Amino acid sequence: MAESTGTTVEENVDEQVEEGADEHVSEYTTESAPEDAGRRPAARPVVTGNALGTGRRKEAIARVRIAPGTGQWLINSRPLEVFFPNKVHQQLISEPLVTLGAEGQFDVVARVSGGGVSGQAGALRLGIARALTLVDPENRATLKRAGFLTRDARVKERKKYGLKKARKAPQYSKR
């Protein structure tokens, strides 16, 4: 049976940590260097006017203007609830504002054209996210991580000759 040496595991760990603090950090490390205490953060821009953003999805295009306000929505001169009666689309559109915690801080005015309802909702969401990055560039990392700044490039595939649609072939007849 092994006998104890009288030192505990915690004491050994503390000694190892103190020894590791004197080591030189190599160029290739995952640890970040401590920031300079004298360096000031960049001044944040103050929003005094409107921010514009353009979003596209499928065939839809949304031109969005946001301004500091009370949270009113006007899409093609109609409120959000009238233009998009589906709650799923309303939630999809307002996700960038909810992610930043700015639900009632901006008035949104948008012109949406082309495409269908879901395409217009996706275009509007991208336009709002792009406008929010212009308002405050520090929002970009949060919006990018959530996937709101990525344009969904999926569009309808073109019809090919000899086929009924993009991939649907006419019925095969053996005789």
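Colleague: How many aromatic pairs does a search of the whole structure find?

Modeller: The search of the whole structure finds one aromatic pair, where rings of Phe, Tyr and Trp (its six-membered ring) pair if their centres lie within 6.5 Å, and planes under 30 degrees apart count as stacked, over 60 as edge-to-face and the rest as tilted. Here F83 and F84 form an edge-to-face pair, with 5.0 Å from centre to centre and 75 degrees between the planes. This is a predicted model, in which local features need pLDDT of at least 70 and side-chain atom pairs count only at pLDDT 80 or more, while totals for chains, interfaces and linings use all residues. Residues are numbered from 1 along each chain as its sequence is written, and side-chain values use heavy atoms, with hydrogens and water left out.

Colleague: Is F84 buried or exposed?

Modeller: Buried means under 20% relative accessible area, exposed over 50%, and partly exposed in between (1.4 Å probe, protein chains only). F84 is buried, with a relative accessible area of 1%, and F83 is buried as well, at 14%. Of the 175 residues of the protein, 26% count as buried.

Colleague: In what order do the elements of the protein run from the N terminus on?

Modeller: Helices (H or I, at least four residues) and strands (E, at least two) are DSSP runs, numbered from the N terminus. The protein has five helices and four strands, and its elements run α-β-β-β-α-α-β-α-α.

Colleague: What order do the four strands have in the open sheet?

Modeller: Two strands pair if DSSP finds at least two bridges between them, and in this open sheet the order is β1-β2-β4-β3, with mixed pairing. Because β1 (51-57) and β3 (73-75) stand at the edges with a single partner strand each, one side of each is left without a neighbour in the sheet. β3 pairs with strand β4 (residues 106-113) in the parallel sense over three bridges, and I75 stands opposite A110 in β4.

Colleague: Which strands does α4 touch as it packs on the sheet?

Modeller: Contact means heavy atoms within 4.5 Å, and axes are lines fitted to C-alpha atoms, for helices over the stretch in contact, with angles from 0 to 180 degrees between N-to-C directions. α4 packs on the sheet by touching β1, β2 (60-68), β3 and β4, and its direction makes about 150 degrees with that of β1. Helix α4 (residues 117-135) is mostly covered, since 14 of its 19 residues are buried.

Colleague: How many Å does helix α4 reach from its first C-alpha to its last?

Modeller: The expected span of a helix is 1.5 Å times one less than its number of residues. Helix α4 reaches 27 Å, close to the 27 Å expected.
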